[in-house]
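I opened a notebook on this structure and looked things up one at a time. The entries follow in the order in which I made them.

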Amino acid sequence: MKEEIRNSRILVIDDQPANTEILANLLNIKGYTNVSVINDSTKALEAIAQLSPDLLLLDLMMPEISGFDIMQHLKDNGSLNGWMEILVLTADATRESKQKALAGGANDFIVKPFDLIEVELRIKNLLFTNYLLKQLKNQNQILEEKIKERTAELVNANQALISSNDALREIAWTQSHIVRAPLARLLGLVTLIQTEGEDLEINPKEILKHIGNSATELDGVIRDITNKAYTANNITN
Amino acid sequence: MNYELLMVDDDELFLVLNKRELVKSGFHLEPKSFLDAENALTHLKTLDQPDKKTLVFLDINMPQMDGWQFLKKLRELNLLQKIRHVLVTSSTDPKDKIIAKDYPEIIGFLEKPIDKYMLKDLSEGEAFQQFLNT
């Protein structure tokens with residue numbers, strides 16, 4: 001038997017000390033280490049809240065507060081969350097009683113007088129189911145945490161991409177603006193020559209000087225862009 | 001022409017080319033050229049004809065005082081409402097268009113080199129017609 005199952009918290013609630021004694025002894029013999037017993041059902045809810053048992057062995061017919069009352073109360077305050085198994089103990093073997101118990105929140109039932117082999121097998125099965133459910137819950141939690149971590153990483157990576165995209169857009173804009181200035185001068189000069197023909201108001205040598213200066217400026221800007229692109233490629237490769 | 005036209009640009013070549021285009025297209029016969037915004041500002045401050053309408057073809061990227069600082073200064077001097085502006089730049093920065101929303105006195109954007117078609121569009125525009133008729 002797995003240690004986790006052997007160390008499961010088990011609470012036995014029955015107003016008959018003879019019954020609780022039989023069950024406690026059986027559980028001890030079978031190696032369960034964490035067994036508590038209550039005969040006064042008025043203290044049941046307090047004990048459940050305190051111990052937070054993995055398995056409740058619950059007698060149905062008890063004075064003052066019955067097993068049904070306890071299940072109803074657990075249901076009402078949201079304690080029947082699926083992480084605590086309830087095995088009801090009942091002398092009433094009628095179909096209605098079993099159905100009522102199962103509908104009330106019980107996971108299984110045992111009919112008195114106890115068949116100890118059956119009792120032990122049902123307890124073992126319920127604790128194993130409970131163990132698997134809790135494992136699953138833990139794994140889900142781990143997965144959820146991993147998803148959260150991965151999502152946060154993706155959000156950060158996305159933010160970084162947006163920032164670098166903005167920066168690239170800014171660089172592209174600045175470069176195109178710098179390119180556009182000498183180009184605009186060249187276009188203006190070309191139009192001037194085209195439309196004025198022989199009647200140029202400005203000295204042709206002066207125009208050629210401006211064309212040369214603008215072309216040199218343009219060449220410088222383009223070389224600068226090429227160098228930056230080359231550096232950027234080297235960095236990314 | 002019942003208005004004065006100033007061109008403010010730190011690039012002398014553009015002043016020459018733009019003036020030629022303005023005169024040749026008949027948009028304006030006597031545009032005045034200013035190589036820096038400070039001189040243009042001094043000229044506007046000393047105008048002794050307060051009713052004379054003025055249009056400024058204004059470059060944005062200039063050393064010392066840029067186009068935006070020039071407009072801010074005009075606003076501080078309470079001169080802005082008498083003057084309309086056309087921003088003339090090598091390329092129109094979308095950011096400039098956003099800033100321009102603060103200045104209803106800006107009635108147009110032109111990209112260098114300006115040509116007769118741009119000037120025709122500008123002169124036929126509603127904002128320019130309003131400027132002429134006020």
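I began with one pair: B:Val88 stands opposite B:Leu110 in strand 5 of chain B. Strands and helices here are DSSP runs, numbered from the N terminus (strands E, at least two residues; helices H or I, at least four).

I noted the ground rules. The model is predicted, with local features needing pLDDT of at least 70, side-chain atom pairs counting only at pLDDT 80 or more, and totals for chains, interfaces and linings using all residues. Residues are numbered from 1 along each chain as its sequence is written, chains are lettered from A and ligands numbered from 1 in the order written, and side-chain values use heavy atoms, without hydrogens and water.

**Sheet of chain B**

I followed strand 4 to strand 5 and found 5 bridges between these parallel strands; two strands pair if DSSP finds at least two bridges between them. The open sheet has 5 strands in the order 2-1-3-4-5, with parallel pairing. Its edges are strand 2 (32–34) and strand 5 (106–111), each pairing on one side only. From one strand to the next the twist averages 20 degrees.

I then looked at helix 3 (residues 67–76), which lies across strand 3 (53–58), strand 4 and strand 5 of chain B and runs at about 175 degrees to strand 4. Such angles run from 0 to 180 degrees between N-to-C directions, with axes fitted to C-alpha atoms, for helices over the stretch in contact (heavy atoms within 4.5 Å).

**B:Ser90**

Where is B:Ser90? I found B:Ser90 in the loop between strand 4 (83–89) and helix 4 (94–100) of chain B. B:Ser90 is buried, at 8% relative accessible area. Buried means under 20%, exposed over 50% and partly exposed in between (1.4 Å probe, protein chains only). Beyond neighbours within four places in sequence, B:Ser90 is in contact with A:Arg180, A:Ala181, B:Glu111 and B:Lys112.

The bond from A:Lys112 to A:Pro113 is cis, with omega near -5 degrees. B:Lys112 and B:Pro113 are also joined by a cis peptide bond, with omega about -5 degrees.

A:Glu64 has a positive phi near 65 degrees and is exposed, at 71% relative accessibility. B:Gln64 has a positive phi of about 60 degrees. B:Gln64 lies in the loop between strand 3 and helix 3 of chain B and is exposed, at 76%.
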